[in-house]
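This report describes how two protein chains meet.

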Amino acid sequence: MSQKMTRRRLLLGGAATAAVAIVKTSFGKMVQTGIPEAALDPTKHVGPLPSALGTRSPFEHPQRKATLTSSQTPLQDLYGIITPSDLHFERHHAGVPAIDPNTYELLIHGMVDRPTIFSLSDLKRFPSVSRICFVECSGNFRKPDKESITPQDICGLTSQSEWTGVMLSTLFREVGVKPKATWFLAEGSDAAVMTRSIPVSKGWEEAMIVYAQNGEAIRPQQGYPARLLLPGWEGNTSIKWLRRIELSDGPFMTREETSKYTEPVKDGKIRQFSFTMDARSIITYPAYPVQVQKGWVEIRGLAWSGRGKIARVEISTNAGKTWNIAQLQEPVLDKAHTYFRYLWQWNGDTTEIMSRAIDETGYIQPSLEQLIKARGIGTGYHLNPVTAWLVKRDGQVVYKPEQWK
Amino acid sequence: MFKLRMPYWACVAGIAMSSCEQRADAVPIHFGYGRAATANEIAGKAIAIPPSGIGLPPGNGTVQQGAVVYASKCAACHGVTGVEGPFNILVAPDTANAIPFDRAPKRVKSIGNYWPYATTVFDYVRRAMPYNAPGSLSDEEVYSVTAWLLYANKLIDTTTIINAKTLPAIVMPARKYYVTDNRKGGNGPYE
């Protein structure tokens with residue numbers, strides 16, 4: 001091999017080195033790129049030759065917005081329904097663990113006939129399934145209180161991928177889940193050893209153990225080498241870095257389903273096991289900090305529901321006085337981000353534009369006022385209000401903050 | 001959906017179909033992948049403690065010993081008395097029966113007023129704390145720091161010993177407020 005390989009490597013290496021340039025992004029970071037930032041006349045210079053790994057155009061800088069515990073997807077920079085894997089939102093409870101796929105194991109035990117340990121290659125041998133669905137954090141609304149707020153700030157804790165793996169029902173059959181098992185514990189191997197209790201029915205219906213995301217191995221930030229995937233349910237239940245499933249006849253009442261991921265509701269009650277994500281939508285264009293011009297504006301955005309397909313999306317361009325039907329881009333999938341568009345002629349007057357999602361159960365995305373009226377001002381998770389963009393006379397689009405009352 | 005040949009044993013057992021010829025929807029119940037988990041392997045990993053307390057290890061914890069553990073391993077993040085932070089406040093500033101959370105957006109949620117089960121304290125501390133060295137406390141230390149946290153939240157007195165028997169018996173004052181999700185979708189009233 002050596003001679004041919006060496007020569008090939010040399011050639012590739014030589015070409016790659018010649019094409020590599022260090023450029024400064026608009027964010028001020030020095031990044032290595034294969035493509036020069038500004039070619040004087042691209043028809044007069046031979047560009048970089050094929051390489052082992054692609055890059056974004058140096059003119060494009062989509063970035064997650066990170067805090068200590070999460071990072072948000074730049075919804076306003078995306079065009080379709082699939083979130084590029086490196087822009088998928090993150091929420092970790094103790095950082096991203098480094099897991100060797102060769103020593104990875106998934107233990108399934110408890111109320112089963114055959115407690116079993118599966119290696120990653122075992123999981124990959126089972127019949128596989130792919131599914132496109134969103135994953136959304138139930139804390140995906142941060143009570144924005146100023147105009148300079150982007151779609152990423154409002155609800156960037158939702159992302160969508162094509163996930164590939166094995167149906168959990170296949171594994172349930174493999175280990176022989178006992179009829180009296182009604183819940184299962186899913187446990188991660190991160191430093192939080194993150195755990196949630198899940199009704200067994202969800203496991204039989206549509207849960208998956210997934211090892212691939214958008215055609216390649218899952219990213220470490222999304223649970224490499226394998227995670228649970230519960231379509232339509234609050235993201236933290238889709239336990240990442242999954243190491244153990246314990247079948248049981250009741251919930252374990254872990255910290256993440258008692259003192260966290262629960263929300264105060266009316267009459268002093270605290271609502272628990274609020275798994276399903278209610279229908280929601282967001283206009284991603286035009287949105288802050290975009291400035292529009294008088295004339296035709298295509299309003300674009302995403303709508304999704306944890307209860308099924310999006311039935312329709314309605315757009316108001318007059319602050320909610322009247323609503324019109326937006327066009328839905330196919331595919332319109334079950335529990336999936338759905339892209340919508342609405343062509344609007346802006347006459348130059350100050351106005352508010354907003355969208356609301358209606359899912360196939362007939363649920364209509366509520367206003368913040370309706371949510372607070374139903375749950376009280378001290379409520380927390382699962383806030384999915386209609387949000388408005390204020391279009392000012394000069395075309396500047398800003399978020400319209402709402403009173404929390 | 002899957003193109004799989006029906007295995008011999010499934011034919012003998014008469015499962016799912018009467019013929020052993022290839023059929024598009026034939027999926028075996030068992031593939032035989034994976035290996036049997038031993039009791040030791042399970043015991044080493046099955047650390048979750050449900051409200052019944054099943055699975056709690058031997059040992060005892062005291063408030064006094066817990067105060068020592070808390071001061072050296074927890075106070076830097078959670079504050080000297082559990083209320084100072086900078087990270088999660090562990091000691092409730094009020095009782096579970098103070099003004100309801102749905103009417104008090106700024107009310108601090110903590111062990112004394114927002115944790116429905118005492119077993120969760122043990123489970124969570126043992127699996128995830130201290131943040132900079134998770135899983136480093138002995139079971140006795142976890143029992144003790146659990147005892148101190150319950151004491152600091154005025155849920156037990158200084159003489160209560162916390163162990164596999166006493167911990168599940170503690171009734172947390174917030175528990176009565178917990179309800180299971182009742183949202184249903186559809187066009188009914190918002191929940």
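An open sheet of three strands runs in the order β16(A)-β17(A)-β4(B), with mixed pairing. Strands (E, at least two residues) and helices (H or I, at least four) are DSSP runs numbered from the N terminus, and two strands pair if DSSP finds at least two bridges between them. The edges are held by β16 (263-264) of chain A and β4 (178-180) of chain B; each has a single partner strand, so one side of each is left without a neighbour in the sheet.

Strand β17 (residues 270-272) of chain A is joined to β4(B) by three bridges, and these two strands run parallel. Within this pairing, A:R271 stands opposite B:V179.

## Basis of the model

This is a predicted model, in which local features need pLDDT of at least 70 and side-chain atom pairs count only at pLDDT 80 or more, while totals for chains, interfaces and linings use all residues. Residues are numbered from 1 along each chain as its sequence is written, chains are lettered from A and ligands numbered from 1 in the order in which they are written, and side-chain values use heavy atoms, with hydrogens and water left out.

## The interface

In chain A, 67 residues are in contact with 53 residues of chain B, where contact means heavy atoms within 4.5 Å. The two chains bury about 5,100 Å² between them, 59% of it on carbon and sulfur atoms. Buried area is the accessible area (1.4 Å probe) lost when two parts are put together, summed over both. A:I117, A:R255 and A:I270 supply 13% of the area that chain A buries against chain B, more than any other three residues.

Five salt bridges are counted between chain A and chain B; each is a side-chain nitrogen of Lys or Arg within 4 Å of a carboxyl oxygen of Asp or Glu. A:E105 forms a salt bridge with B:R35, and their closest N and O atoms are 3.0 Å apart.

## A buried histidine

A:H93 is found in the loop between β5 (90-91) and β6 (105-110) of chain A. Its relative accessibility is 17%, so A:H93 counts as buried (under 20% relative accessible area, with exposed over 50% and partly exposed in between; 1.4 Å probe, protein chains only). Leaving aside neighbours within four places in sequence, A:H93 is in contact with A:A192, A:M194, A:E256, A:Y261 and B:Y131.
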